[in-house]
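Student: Here is a model that I would like to go through with you, asking at each label what value stands behind it. Could we take the structure first and the terms as they come up?

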Amino acid sequence: MRSSQATVEHAVQCRGVGLHSGVDVALRLLPAAPESGIRVRRTDVAAGTGEIPVDLAHVVNARLSTVIGNRHGVTVATVEHLMAALAGMGVDNAVVALDGPEIPAMDGSAAPFVELIERAGICDQGAPRRAIRVRKPVSVENGDSSISMMPADALSIEFQIEFDSPVIARQAKRMEFANGAFVEDIAPARTFGFVDDVDRLRRAGFARGASLDNAIAIDRERVINRNGLRFDDEFVRHKILDCVGDLYLAGAPILARVVALRSGHAANHDLLRAMFADADSWAWCDIPGEGGADDISEATAAFG
């Protein structure tokens, strides 16, 4: 169990289409210094205007994806799948260089980004690693959607979704993130959408890059992807994936029991805002090395 900050060991790259923009984008994942966090660098905009920290303070939109932006008006969409992979692999510091407005969708899951990080290798940086320990319950509600987090010694996420579709209907899952659970059970879960919504979404500027290669497509009472689902409950697993990515916008692993009902990106962000707004609800804690306090070391195994 790692107690030090980490970055990627070598630069690696991939290319793909943005799920919503439809733009072909090249992405390079680069090492970064300790304490620098995760930052995106747009290489296709004017020099000095393309740097954006991937954190809660820079979230500018949450409709259908998490979008970050800076004071120059430069934005990057759909950061949540990459952030989930960085969280799940325990990468604290990295630069994400890309030549377009959106993180590539790849196959619609976090698995290709996990593979990218594995190919790059992970470099221990020696600097102490910290986590955010939730100290009292925090919750947000909006209509029939809610999400809360409570003190716990390890990260777990309990998620329930419900759609007016016989393919999805009601799904619920609880995940404890330890022993590779993210990589095996959550990272491969793909984003999904309904065929009947595609034209409307594209007129609104969304789903322009969506295809059977990067999303599960539901046509009334069936999944039309040739190989079907990767998990019987892939839909709720993907919602957990999104939640992991959004929570990593806090800037560190969070130690909490998270319970979500029909939550989405906006609610995930609002939960973090509510936590940070109440100084008594959270505290930084160092992650000890081997032989340290069992409760903290076991909890941080959730994120590698």
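**Labels and their cut-offs**

Student: Why is Arg-220 called exposed?

Tutor: Arg-220 has a relative accessible area of 58%, and the scheme, computed with a 1.4 Å probe on protein chains only, calls a residue buried under 20%, exposed over 50% and partly exposed in between. Since 58% lies over 50%, Arg-220 is therefore exposed. The model is a predicted one, in which local features need pLDDT of at least 70 and side-chain atom pairs count only at pLDDT 80 or more, while totals for chains, interfaces and linings use all residues. Residues are numbered from 1 along each chain as its sequence is written, and side-chain values use heavy atoms, with hydrogens and water left out.

Student: Where does Arg-220 lie, and what is noted about its phi?

Tutor: Arg-220 sits in the loop between β17 and β18 (222–223), where strands are DSSP runs of E with at least two residues, helices are runs of H or I with at least four, and both are numbered from the N terminus. Its phi is near 60 degrees, a positive value in a residue other than glycine. Most residues other than glycine have a negative phi.

Student: How much space lies in the largest pocket, and which residues are the closest to its centre?

Tutor: The largest pocket holds about 860 Å³ of space. Of its 35 lining residues, Leu-64, Thr-191, Phe-192, Gly-193 and Leu-201 are the closest to the centre. A pocket here is an open set of points on a 1 Å grid over the protein atoms alone, where a 1.4 Å probe fits and protein lies on both sides within 12 Å along at least five of seven lines, and lining residues have an atom within 4 Å of a point. The volume is the space filled by probe spheres set on the points, which are joined across faces, edges and corners.

Student: Which element gives the most to that lining, and how do its residues divide?

Tutor: The most comes from α4, with four residues, and among the other elements that supply at least two each are α1 (80–89) and α6 (265–277). The lining of the largest pocket comprises 16 nonpolar, twelve polar and seven charged residues, where Ala, Val, Leu, Ile, Met, Phe, Trp, Tyr, Cys and Pro count as nonpolar, Asp, Glu, Lys and Arg as charged, and the others, Gly among them, as polar.

Student: Why is strand β14 described as largely enclosed?

Tutor: In β14 (residues 156–162), five of the seven residues are buried, so the strand is largely enclosed by the rest of the structure.

Student: How do you know that β14 pairs with β15 and with β20?

Tutor: Two strands pair if DSSP finds at least two bridges between them. Between β14 and β15 (residues 170–176) there are seven bridges in the antiparallel sense, with Glu-158 opposite Arg-174. Between β14 and β20 (residues 257–261) there are five bridges in the parallel sense, with Ser-156 opposite Arg-257.

Student: What makes helix α2 largely enclosed, and what covers its buried residues?

Tutor: Seven of the ten residues of α2 (residues 111–120) are buried, so the helix is largely enclosed by the rest of the structure; the buried residues include Phe-113, Leu-116 and Ile-117. Among the elements that cover them are β1 (4–8), β2 (12–17) and α3 (181–186). After α2 comes Gly-121, whose phi is positive, near 80 degrees.

How values were computed:
Contact = heavy atoms within 4.5 Å.
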